[in-house]
Amino acid sequence: MEPQSLFSGFCSNSITPLYRNPQNPLSSSPPSLSYPCFNQSKHQVSFEIQYFLSSQRLRSVRRLLCKNSVEKVSNLVSEKEGSKSWVKRKRLAVFVSGGGSNFRSINQACIEGFVNGDVVVLVTNKHDKGIPVILFPKTKDEPDGLSPDDLVKVLREFEVDFILLAGYLKLIPAELIRAYSRSIFNIHPSLLPSFGGKGYYGMKVHKAVIASGARYSGATIHFVDEHYDTGRILAQKIVPVLANDTAEELAARVLREEHKLYVEVTTALCEDRIVWREDGVPLIQSKENPEEYY
């Protein structure tokens, strides 16, 4: 898939490069509420790109500043349904490497008001001209990428509450794990702990599931630690593996459930409905019945 397809549907009007002081690119106050925008949205939206410039450190960091013309989204707190408690809208960073379909599902749910939060910044390891992203990590192919410490600084600048990995294939550095403890989540296309770990990604997972003879597969959302796919499991969705499935057919079935599951979990996350059992197992509190957990 071509890189530009990752962000297909972004609004393309009113794009104006704005430049910060290159001597101190992180000096100004945090940005106002913002998120990537899609033409498909029922609300009219526009965005402008703001580039951080630094000859040594943050040349490639770009800021999204999106505004909803009907002011549907605000940076004020919102009230929980059926309660008197108030929950501040959460600010989300999404890390992407692949097709970006989970990102689009989450972002659309935010725009339409199903999620009490907003995607305020994207992080990717693939450069794409004209697309507002933070480029990470720094490599020979992408010398403008950020270091782990600079990435943490920029995410703090955006006042990010939670980080969602959506097909991001790089190992998350320890600096980020420490800075966002219990605040980084990943989705994996199998029922972990089976078919997970280094080397298990994309179609490789589905081929391995079929070759094993497993009758069920699915999607798993888990907390992220310093290793591949070993963090605490938060939620899972099961799908059947049919007798004559190809890897592509199984992948499509799992992906449909991924989209639903990630939106459901992000909704609970942004409503402060993630709780921890005494033995360290994370649970999701039911919105309809706060006495129930799953």
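**View 1. Q108 in helix α1 of the predicted model.** Q108 is found in helix α1, residues 101–111, where helices (H or I, at least four residues) and strands (E, at least two) are DSSP runs numbered from the N terminus. This is a predicted model, in which local features need pLDDT of at least 70 and side-chain atom pairs count only at pLDDT 80 or more, whereas totals for chains, interfaces and linings use all residues. Residues are numbered from 1 along each chain as its sequence is written, and side-chain values use heavy atoms, with hydrogens and water left out. Q108 counts as buried because its relative accessibility is 17%; buried means under 20% relative accessible area, exposed over 50% and partly exposed in between, with a 1.4 Å probe and protein chains only. The C-alpha atoms of Q108 and D118, 10 residues apart along the chain, are separated by 9.6 Å.

**View 2. The largest nonpolar core and the surroundings of L164.** A nonpolar core is a set of buried Ala, Val, Leu, Ile, Met, Phe, Trp, Tyr and Cys residues joined through side-chain atoms within 4.5 Å, and the largest one here has 36 residues, with V94, L164, F185 and Y262 making the most contacts inside it. Helix α5 (residues 247–270) supplies the largest share of this core, 9 residues. Apart from it lies another core of 23 residues, among them F95, V154, F158 and Y180. When its neighbours within four places in sequence are left aside, L164 is in contact (heavy atoms within 4.5 Å) with residues including L92, V94, I106, F185, Y262 and L269.

**View 3. R91 in strand β6.** R91 lies in strand β6, residues 90–96, and is buried without a salt bridge, the nearest side chain of opposite charge, E159, being 4.2 Å away. For this count Lys and Arg are positive and Asp and Glu negative, while His and the chain ends are not counted; a salt bridge is a side-chain nitrogen of Lys or Arg within 4 Å of a carboxyl oxygen of Asp or Glu. A polar atom of the R91 side chain lies 2.8 Å from the backbone oxygen of F158.

**View 4. The two sides of helix α4.** In helix α4 (residues 203–212), V205, H206 and V209 are buried. Seen down the axis of α4, its buried residues fall within an arc of 90 degrees, so they line one face of the helix, the arc being that of the directions from the helix axis to the C-beta atoms. K207 and A211, on the other side of α4, are exposed. The cover over the buried residues of α4 includes β10 (184–188), β11 (216–223) and α5. G213, which follows α4, has a positive phi, near 85 degrees.

View 5. E264 forms a salt bridge with K237, the closest N and O atoms being 3.6 Å apart. This pair links distant parts of the chain, with E264 in helix α5 and K237 in strand β12 (residues 233–240), 27 residues apart. The side chains of E257 and K260 also meet in a salt bridge, at 3.6 Å from N to O; E257 and K260 are 3 residues apart in helix α5, so they are separated by about one helical turn. At 17% relative accessibility E257 counts as buried, whereas K260, at 46%, counts as partly exposed.

Technical notes: Polar contact = N/O pair within 3.5 Å; in protein donor to acceptor, adjacent residues only side chain to side chain.
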